[in-house]
Amino acid sequence: MTFSIIARCEKTGQLGAAISSSSPAVASRCIRAKAGVGVVASQNITDPNLSQILIEMMQYNLTPIDAGHELIKSTEFIQYRQLMALSATDAPFVFSGEHTLGTFATAQGKRAACAGNMLSSTAVPEKMLMTFEQSEGSLASRLLESLVSGYHAGGEEGEVHSAGLLVVDKATWPIVDLRVDWSDTPIEDLQKLWDIYEPQLDDYIVRALNPTISPSYGVPGDL
């Protein structure tokens with residue numbers, strides 16, 4: 001019911017994910033990231049707890065692959081899960097249990113991985129990965145470009161209704177956490193949100209770190 005990408009920016013060290021699904025509120029359940037540690041997607045028949053476990057394991061210096069293998073050995077119902085994990089330094093881990101729904105596939109590079117289930121075609125993750133690796137610009141923009149390419153490559157077998165974009169950098173909070181929880185055009189709506197948010201992103205970071213030099217909000221009532 002989902003297709004997604006997790007990735008690391010070689011230039012900035014940022015970590016992030018983009019995801020879309022026919023289910024509602026997919027980003028709130030399926031993608032997690034921690035600055036300087038890693039990013040994880042837990043999808044198919046989702047157990048959000050698995051994302052947190054993988055991030056904690058990577059925080060204690062396990063590689064994504066080692067953490068993933070440990071999780072597989074010790075987790076009940078793991079064959080119903082589709083997982084991806086990527087740390088701040090290591091190659092990604094990908095896993096699709098034998099009970100993954102419908103047509104499913106994964107693709108992985110050195111700094112990114114893509115996965116999907118109930119897909120229209122097994123080519124979707126590979127197309128997403130290729131798009132990401134050939135793209136330029138900020139990590140958030142590249143993740144979104146990859147998600148759009150996956151949609152145009154066929155995406156899910158049915159119509160998608162939710163989407164999300166998540167990026168962490170040096171701060172303890174996500175610098176990008178945009179979600180469309182239910183829409184007939186969630187990826188298009190997510191792109192519109194990003195177009196609004198991108199020019200203001202750095203200002204929100206400054207406001208958090210040092211409000212004495214924060215830019216004006218530029219809205220009525222802001223003296």
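Predicted model: local features only at pLDDT ≥ 70, side-chain atom pairs only at ≥ 80, totals over all residues.

Student: With which sense do β9 and β10 pair, and what is the bridge partner of V167 in β10?
Tutor: β9 and β10 are joined over 5 bridges, in the antiparallel sense. V176 also sits on the covered face of β10. The bridge partner of V167 is V176.

Student: Which residues of α6 are buried, and why are they on the same side of the helix?
Tutor: α6 spans residues 186-197, and its 12 residues reach 16 Å from the first C-alpha to the last, close to the 16 Å expected. Its buried residues are P186, I187, L190 and W194. They lie on the same side of α6 because they cover an arc of only 95 degrees around the axis.

Student: What covers the buried residues of α6?
Tutor: Let's start with one of them, L190, which touches L144, L147, A163, G164, L165, L178, R179 and V180, leaving aside residues up to four places away in sequence. For the buried residues of α6 together, the cover includes β1, β2, α5, β9, β10 and α7.

Student: Which residues touch the most other members of the largest nonpolar core, and which element supplies its largest share?
Tutor: This core has 31 residues, and L143, L147, L165, V176, L190 and W194 touch the most other members. At least two residues each come from β1, β7, β8, α4, α5, β9, β10 and α6. The largest share, 5 residues, is supplied by α5.

Student: How many residues are in the other core that lies apart from it?
Tutor: Among the members of that other core are I19, V26, I31 and M84. Its residue count is 17.

Student: Where is A25, and what is its phi?
Tutor: A25 is found in the loop between β2 and α1. Most residues other than glycine have a negative phi. A25 is not a glycine, yet its phi is positive, at about 50 degrees.

Student: Is M118 buried, partly exposed or exposed?
Tutor: M118 lies in the loop between β8 and α4, and its phi, near 50 degrees, is positive as well. Its relative accessibility is 32%, so M118 counts as partly exposed.

Conventions
Residues numbered from 1 in each chain as written. Heavy atoms only, no water. Helix = DSSP H or I, 4+ residues; strand = E, 2+ residues; numbered from the N terminus. Expected span 1.5 Å × (residues − 1). Buried < 20%, exposed > 50% of the residue type's maximum accessible area, 1.4 Å probe, protein only. Arc of directions from axis to C-beta. Contact = heavy atoms within 4.5 Å. Core = buried A, V, L, I, M, F, W, Y, C linked by side-chain atoms within 4.5 Å. Pairing = 2+ DSSP bridges.
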